[in-house]
Amino acid sequence: MLNLFYIIIAIELFTIFYNLFKFFIYKIRSKHNYGISNYSDNNDFHICVLIPCYREIKVINKTLEHFKKIIDNIENIDVYVITTEKEKYENNSEQTTYHYLLGLDIFENSHFHILNYPKKAGMMSDQLNYGIDEILKSENLPKDKIYFSIYNADSHPDATTFVELVKKIKQCNYPKIIQQYSNYFLNYNSQNFIMRGFSIYQTAFEFRNGIINNKISNFLYSHVLGHGLTLRADYITNIGGFTSKFWCEDIYLTGLIHNNNEKILSLESFDNAENPTNLKVQIIQNAVWFKTASQHFSIFKDIKNHNKISLNGFIWLLHELRASLVWFFMPIFILYTFIYPIIIQNYKPLLLSIVTYLIFIFVNYFLNLLIVNFKRFNMYIKNYFSTCLAVLITCAGPIYSLFLKEKIKTER
């Protein structure tokens, strides 16, 4: 039992030094502009922002007003809100998002449009695929000059988002995949002690596995999200659109992108999103995510049925396996390093475990944030101990996923 204690401590220490090494490499590579080719002044492309909505009356108007501000003066961009007829058949007495949108003045603006997915069932991936098909029917540009940028109903991207996106498209010769990663701090000031820790935990995950890993190497684990994601039309149509075989279409798409050896470019601006306001909703949300993430072998098998498996595809599978195991077991093992010394009444190992864990949290989470955005140091550090607590219960979602039989929508 003592051997297990020291093995866990050794893994924490290895993770600390590994991340410090990655940060060093990231800072070096951040000083150079990699992947930049000849800059084009042409605006011969069209950006279509897709916002799928399912029971989003509470937040969608505020989001649309935000998008109206940040796309101002950008002519080659349109916003499409994609609702679903599913709402009507679930509860006939409630107003649907579609009918609510019909009463908003913003749709008098020529850059804002409503599409309503006409079927009684389906998931967000079905809404997205429907929206893409409908838009392409009326597009005059070739597919390699059309982009779809996907956002959630509560997304509030930075003001510079689309200026940077246009610049990235021009600089990188019409890339296939561009990802904007997220700050989960939109409702941070209204959250309680433990939920602020989860906001920091989730944001640090985005920065580490998205921005930092992307900058360092294609072989490191990186992912795309279902919001802040921009895809070239020919790429998303060539892979058959978004899958509806799994709950989280972005996890499946991440595996497919890696297997196809495609590059994920990231923006420096962020999508400012809300984090759940209470622990119950956080656990349910994490359970839904883990349910798909833990199906990595099924995803890999499905990709194999339609594509030749590459080395990067196999590496992605190993990363997903490791990530799932860490997500499920790491908090349990760390708790063990606190409990075991108490049981044997040996407080020197307890002190070692506490000090190691405090350093582990700072390096593995806070440094991920600070290395990307140091300006928020005071906000981050004030909630250091709430993050320490939150990380210890992150396994609650994966455990709950064992009992989850159907996808549950996260409450707003």
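Colleague: Is Asn173 buried or exposed?

Modeller: First, this is a predicted model, in which local features need pLDDT of at least 70, side-chain atom pairs count only at pLDDT 80 or more, and totals for chains, interfaces and linings use all residues. Residues are numbered from 1 along each chain as its sequence is written, and side-chain values use heavy atoms, with hydrogens and water left out. Buried means under 20% relative accessible area, exposed over 50%, and partly exposed in between, with a 1.4 Å probe and protein chains only. The relative accessibility of Asn173 is 53%, so Asn173 counts as exposed.

Colleague: Which loop holds Asn173?

Modeller: Helices (H or I, at least four residues) and strands (E, at least two) are DSSP runs, numbered from the N terminus. Asn173 has a positive phi of about 60° although it is not a glycine. Its place is the loop between helix 6 and strand 6.

Colleague: With which side chain does the side chain of Lys176 make a polar contact?

Modeller: Lys176 lies in the loop between helix 6 (161-171) and strand 6, and because its relative accessibility is 31% it counts as partly exposed. Contact means heavy atoms within 4.5 Å; not counting residues up to four places away in sequence, Lys176 touches Thr230, Leu231, Arg232, Tyr235 and Glu262. A polar contact is a pair of N or O atoms within 3.5 Å; within protein, one must be able to donate a hydrogen and the other to accept it, and residues adjacent in sequence count only if both atoms are side-chain atoms. At 3.1 Å, the polar contact of the Lys176 side chain is with the side chain of Glu262.

Colleague: What is the order of the strands in the open sheet of seven strands?

Modeller: Two strands pair if DSSP finds at least two bridges between them. In this sheet the pairing is mixed, and the order is 3-2-1-4-8-6-9. Strand 3 (112-117) and strand 9 (265-266) are the edge strands, each pairing on one side only.

Colleague: Which residue is the bridge partner of Tyr147 in strand 8?

Modeller: Strand 4 (residues 146-150) and strand 8 run antiparallel and are joined by four bridges. For Tyr147, the partner in strand 8 is Arg232.

Colleague: Which residues of strand 8 are buried on each side?

Modeller: In a regular strand the side chains alternate between the two faces of the sheet. Strand 8 (residues 229-232) is covered on both faces. The buried residues are Leu229 and Leu231 on one side, and on the other Thr230 and Arg232.

Colleague: Which residue stands opposite Leu229 of strand 8?

Modeller: Strand 6 (residues 177-179) runs antiparallel to strand 8, with three bridges between them. The residue opposite Leu229 is Gln179.

Colleague: Which residue in strand 10 is the bridge partner of Ser182?

Modeller: Strand 7 and strand 10 (residues 271-272) pair in the parallel sense, over two bridges. The partner of Ser182 is Asp271.

Colleague: How many residues of helix 9 are buried?

Modeller: Helix 9 (residues 249-259) is mostly covered. Its buried residues include Glu249, Asp250 and His258.

Colleague: Which side chain does Asn213 join in a polar contact?

Modeller: Asn213 lies in helix 7 (residues 193-216) and is buried, because its relative accessible area is 3%. Asn213 touches residues including Arg208, Leu220 and Tyr221. The polar contact of 2.7 Å is with the side chain of Lys22.
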